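Reader: Could you walk me through this model and tell me what lies behind the labels you use?
Author: Gladly; have a look at it here, and then ask away.

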Amino acid sequence: MKLLAFETSTEACSVALWLDGEVRERFELAPRRHAELSLPWAEALLAEAGIGRSQLDAVALGRGPGAFTGVRLAIAVAQGIALALDRPLLPVSTLAILALRASVPAGEAPAGEAAPHRVYASIDARMGEVYTGAFELRDGEAFALDAERVCAPAEAVVPGENGGWLGVGTGFGAAEGALAQRLAPRFAAIDAQALPHAADLARLAAAAYARGEAIAPELVEPAYLRDNVALTIAEQAALRNRGG
């Protein structure tokens, strides 16, 4: 199983190559440089591994939620490669990818390496809002426990009443840490600096491929969560037309 993975939904840009269980990754905090870096990194990873694009079985991408332009870039790049090679796509939630960044505090890990733990992933959505998603990590995969949302930090909801959650993502640092402050009693640890990595995307995508969840390139849909994104663009175009 060989696949390329592109994650450009946040200020971090990363590309990974999955080779039968081995993962190679390029990762950098590179705001506004995602388009410049993504394809050259992919070509470099393939060259280092000594394989050609034609040997890929699929292409994976972080489908959002995240920055509008970043999500669109990942889709465009992945679609372009997949269509050229006649390969399927594996779109994966950026919040699920981020959830794999969670680590259990020393001395608080559940008994057994494969024991599940609950992760609340959150990304700064700007405009006073955060993207949120609740997951249970089991056997290296992230299983959704609730619907992904975009909301103000004061409106974020953690499923159930139990504590011991792990928090990851820039949403916990947004709005002067409002989300972290409000939910602190429910969490064993919070990493407000965590960002999604293509290496984790590749791991989730490989598992999805094994389950037969790959789709045709033209069927991929971005997850913006903000229903008004496209409307706002249309409204801006209408205003420009009326003004011109």
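**Labels and what backs them**

Author: Let us begin with Arg63, which sits in the loop between strand E4 (58–62) and H2. Helices (H or I, at least four residues) and strands (E, at least two) are DSSP runs, numbered from the N terminus. This is a predicted model, where local features need pLDDT of at least 70, side-chain atom pairs count only at pLDDT 80 or more, and totals for chains, interfaces and linings use all residues. Residues are numbered from 1 along each chain as its sequence is written, and side-chain values use heavy atoms, with hydrogens and water left out.

Reader: Which residues is Arg63 in contact with, leaving aside its neighbours within four places in sequence?
Author: Contact means heavy atoms within 4.5 Å. With those neighbours set aside, Arg63 is in contact with Val71, Pro91, Val92, Ser93, Thr94, Glu148, Glu221, Pro222 and Ala223. Ser93 is 30 residues from Arg63 along the chain, and their C-alpha atoms are separated by 5.5 Å.

Reader: What kind of peptide bond joins Gly64 and Pro65?
Author: A cis one, with omega at about 10°. Pro65 is in the loop between E4 and H2. For background, most peptide bonds are trans, and most residues other than glycine have a negative phi.

Reader: What is the phi of Asp86?
Author: Near 60°, a positive value in a residue other than glycine. Asp86 lies in the loop between H2 and E5.

Reader: Why are H1 and H2 called roughly parallel?
Author: Axes are lines fitted to C-alpha atoms, for helices over the stretch in contact, and angles run from 0 to 180 degrees between N-to-C directions. Helix H1 (residues 34–49) and helix H2 (residues 68–85) pack at about 30°, their axes 11 Å apart. Angles under 35 degrees count as roughly parallel, over 145 as roughly antiparallel, 65 to 115 as roughly perpendicular and the rest as oblique. H1 and H2 are therefore roughly parallel to each other.

Reader: Which residues make that contact?
Author: H1 brings His34, Ala35, Ser38 and Leu39, and H2 brings Leu73, Val77 and Ile81. By class there are 5 nonpolar, 2 polar and no charged residues. Here Ala, Val, Leu, Ile, Met, Phe, Trp, Tyr, Cys and Pro count as nonpolar, Asp, Glu, Lys and Arg as charged, and the others, Gly among them, as polar.

Reader: What makes something a pocket?
Author: On a 1 Å grid over the protein atoms alone, a pocket is an open set of points with protein on both sides within 12 Å along at least five of seven lines, and lining residues have an atom within 4 Å of a point. The largest pocket has a volume of about 450 Å³. Of its 24 lining residues, the closest to the centre are Ser9, Gly66, Ala67, Phe68 and Arg126. The lining has 10 nonpolar, 8 polar and 6 charged residues.

Methods: On a 1 Å grid over the protein atoms alone, a cavity is a set of points where a 1.4 Å probe fits but cannot get out, and a pocket is an open set with protein on both sides within 12 Å along at least five of seven lines; lining residues have an atom within 4 Å of a point. Grid points are joined across faces, edges and corners, and a volume is the space filled by probe spheres set on the points.
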